[in-house]
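Have the chain open in your viewer and follow along.

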Amino acid sequence: MKLVGVEPIPSEVQARYVTEGWWSDAPLHAGLEAQADRSPDRIAVSDATSQWTYGQMSDAVGRAVSCLRRRHVRPDAAVLIIAPLVAPAVVAYHAVVRAGALAVMLDRRCGRADVEHALATTPIGLVITTPELAERLDLAGLNVDVVDFDTLVHWPDTCTDWAEPDPATPAAVVFTSGTTSRPKAVVHSLHTLRAGARNMADALELTGRDVAFLATPLATITGLVQIHLTLDRGAGLVLEDRFDPADALDRLRDKGVTVVGGAPVIMEELFKQALSQDLAELPLRAISLGGAPIPRSMLELGMTRYGITPVRVYGSSEVPVATTTMPEDEGDARVVDDGARARGTEVRILGGDTGEILMRGPMRFLGYGDAEDNRDSFIEGGWYRTGDLGRFEDGRLTITGRLKEIVSRKGLKISLTEIDEIARDLPHAEEVAAFGVPDPETGERLALAIYAQDSESISFDSVVGRLLDSGLAKWKLPEQVVVWDRPLPRTATGKIQRRLIATDTGPRRTLLAPRLRVSVPNTLDDLMSPEWLSSALGARFPGVRISKVTPGPVISRVSTNARFRIECDDGVPSGLSPHLCGKGYFTEAGRPTRQAGVHEVSFYRELAASTRIRTLRSVYADIDPQTRHGVVITEDVIAQGGRFLDPTSEYSPDLAAQSLGELAKLHAATWNETALAETPWLAPRLQANLVHRGLPEIRGNYGSDIGAGIPDEVRDPERLFAAYGALVEQVRYASPWSVIHGDPHVGNTYLDRDGRPSLLDWQLVQRGPWYLDVGYHIASVLAVEDRRRNEKDLVRHYLDELRTAGIEAPAWDEAWRDVPRGILHGLYLWSITLLVDPTVTSALLHRLGTAAADHDAYAVVGA
């Protein structure tokens with residue numbers, strides 16, 4: 001592999017690496033194979049399903065080399081390994097480098113674009129992977145030979161007379177994590193990889209008696225360094241491909257793991273699990289952590305409770321294990337900085353006492369595969385520009401941030417890592433990450449992403465107040481807080497991906513500083529103005545400038561739904577549809593009931609994304625704090641090919657099963673969720689249905705043609721009113737409860753462009769028992785005979801969907817007994833309905849009334 005544009009380390013410096021022993025000419029045979037000769041029965045590698053001795057590993061590597069030869073893999077060839085974190089993948093790597101070929105590494109979680117990027121980096125003649133990954137990535141369409149791991153390690157012939165490769169030539173390629181840009185191909189030699197492994201061994205004082213734990217993908221610099229760290233020295237290696245804290249802790253204890261290296265998040269999760277089990281001791285003696293800032297509290301926990309020695313490591317894919325805590329360091333010296341230089345490492349600071357860190361040493365990579373990436377990565381003398389900021393004092397390195405991890409607000413620089421460090425102590429915050437957002441007034445503004453289990457407790461004022469109390473300067477305060485309902489995105493090595501957070505366009509709850517808050521529109525003209533839309537959508541799509549709005553159809557009853565199309569300067573940004581629909585209460589008839597939109601807006605703003613239910617994708621949702629007017633803007637599903645439904649629409653039992661699956665998602669995601677138990681906008685509201693309307697409306701509908709299809713046995717307004725009153729009391733404190741749609745009739749469903757049923761109109765969203773949605777939905781979406789033939793199977797399907805989601809579903813007899821209560825709920829709502837097309841009301845009263853009669857719903861509630 002020819003590298004272009006790399007500034008080489010001077011030859012006299014490289015010569016010193018050899019004379020000092022920092023670059024070893026020891027043959028590969030002196031590693032794994034020599035260990036197999038000495039201790040063939042010693043455990044070398046364990047994964048989730050198997051355990052391999054050194055003898056078995058050496059034998060499998062020999063067979064794999066023979067297989068590669070048969071596949072015409074020769075020195076200077078390139079082999080792509082797409083690998084889960086399993087022992088056969090370790091065999092594959094060893095075999096490729098012993099064949100003198102270049103091992104190009106990708107993790108099993110890669111996508112087709114990653115594979116194509118790897119193929120574009122260097123000509124690849126063979127791919128080694130699993131059959132499942134080959135199918136998912138459609139490798140057959142890439143015109144490249146593929147072999148699976150099983151074939152490789154069980155090849156009938158063996159080869160042990162392979163020629164030792166030149167340790168100075170390219171041996172392996174890993175790809176950077178892409179936290180700020182596209183992944184770069186980082187090329188290493190055996191010299192540079194083994195130098196990094198030696199530095200790690202020095203820091204950990206590792207011996208052949210140790211067992212290391214690896215939960216970081218093999219296709220990372222951490223993975224490759226740990227392979228050489230352990231198997232070249234006769235130590236054990238435990239692989240954890242799918243990290244689960246409880247399972248990982250069990251394996252760690254069972255295998256007697258003594259050292260762990262990798263991202264701090266791994267040890268954080270393991271320590272949390274150990275504390276939850278009240279474990280007094282662990283087999284660990286040392287943890288070597290790098291790749292992200294390490295919480296001081298975590299390090300102190302390991303030292304004081306478990307007697308573990310922490311080792312701080314600084315490095316990167318390009319310069320692995322460059323500085324480390326030294327074995328002789330004690331106390332605070334182990335945790336206050338990023339360590340001293342490893343053997344042969346040189347450090348310079350560009351630009352003063354604190355500035356960009358430059359490095360060179362025997363572990364420095366050979367260069368990037370793309371010449372463009374090498375252009376600004378080196379300076380004369382072979383110094384690598386790390387892109388990190390820090391200071392180097394008294395032989396010790398302290399990292400202070402990243403060149404690209406700076407927000408410039410009105411010319412003042414704010415360090416994102418500084419904000420991260422302080423914001424970690426925010427109440428209820430599980431994870432935090434500061435990031436920059438373009439701002440037309442200040443150039444950039446500081447934003448803060450927070451993942452919190454109790455997201456309702458997060459407010460803008462509480463966040464900035466706590467940061468001020470922590471001593472943060474006012475000019476460094478975030479002006480935008482984005483509340484995430486799931487863990488923040490991380491790379492395979494545990495680094496939080498600020499780039500993905502900054503470009504995320506998901507419907508997340510966004511809290512803004514006063515200067516950024518956009519008033520909720522009072523009229524439809526306000527909503528449709530380019531100026532207001534630019535401001536309103538700017539929080540989620542920074543820098544958007546809407547130049548033209550083309551109005552579409554408008555439907556106004558109590559609420560107003562207006563479709564429109566936008567055009568933008570420089571084009572509509574990625575993630576924003578040009579076809580939108582605004583909903584609010586803009587007419588004279590709607591103004592008195594503006595507060596009715598609060599619940600729907602709150603659902604779109606705070607719950608829709610976390611429940612994963614198929615519904616309209618909102619791009620704006622807010623409530624006026626004075627008038628309580630709720631306005632939401634969603635994508636226009638009609639323009640996307642969707643179709644709204646009504647009782648005349650054909651709705652099959654198969655569609656009903658799908659929509660019940662969506663309701664099950666909603667219910668399961670919020671099942672007895674304590675964080676939502678006191679949420680005001682989710683308070684049960686069935687009682688209000690008895691107060692605001694009642695007998696007069698029921699009598700009016702039942703006495704007209706609208707109610708003609710209701711069976712005689714349930715056409716009794718007084719009994720219906722009494723039955724609903726009984727239902728209200730019975731469900732007031734029902735348990736289990738969840739968030740329910742509250743009004744899931746056929747008219748509140750639509751089919752998306754793929755024909756999948758989805759839900760909309762969330763005005764009646766509230767806490768309540770599951771059956772209010774399920775009974776109502778089945779009885780309203782299906783024609784009477786379809787419902788009678790399929791309702792039991794549909795209820796069973798719904799219960800199965802709950803169980804699949806991990807919920808302990810109600811027993812069948814109990815569930816079937818409760819379904820009529822949901823039918824009664826739907827019948828009452830449509831019996832008090834006014835201002836809707838009479839044919840729609842009549843059709844739904846016929847369906848729901850017939851279902852109530854079939855199930856004797858009044859008697860179920862004792863009326």
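Start with Asp 394, which counts as exposed because its relative accessibility is 79%; exposed means over 50% relative accessible area, buried under 20%, and partly exposed in between, using a 1.4 Å probe and protein chains only. This is a predicted model, in which local features need pLDDT of at least 70, side-chain atom pairs count only at pLDDT 80 or more, and totals for chains, interfaces and linings use all residues. Residues are numbered from 1 along each chain as its sequence is written, and side-chain values use heavy atoms, with hydrogens and water left out.

Asp 394 has a phi near 55°, a positive value in a residue other than glycine. You will find Asp 394 in the loop between strand 20 (383–393) and strand 21 (396–402). Helices (H or I, at least four residues) and strands (E, at least two) are DSSP runs, numbered from the N terminus.

Now move to Asp 138, also not a glycine, with a positive phi of about 50°. Its loop runs between helix 6 (131–136) and strand 6 (145–148), and at 41% relative accessibility Asp 138 is partly exposed.

For a backbone feature of another kind, look at the peptide bond from Ser 735 to Pro 736: it is cis, with omega near 5°. Pro 736 belongs to the loop between helix 24 (717–731) and strand 34 (738–740).

Finally, the cysteines. Taking a disulfide as a pair of cysteine sulfur atoms within 2.5 Å, the count is zero. The sulfur of Cys 67 is too far for a bond because the closest cysteine sulfur, in Cys 159, is 12 Å away; Cys 67 is buried, at 0% relative accessible area.
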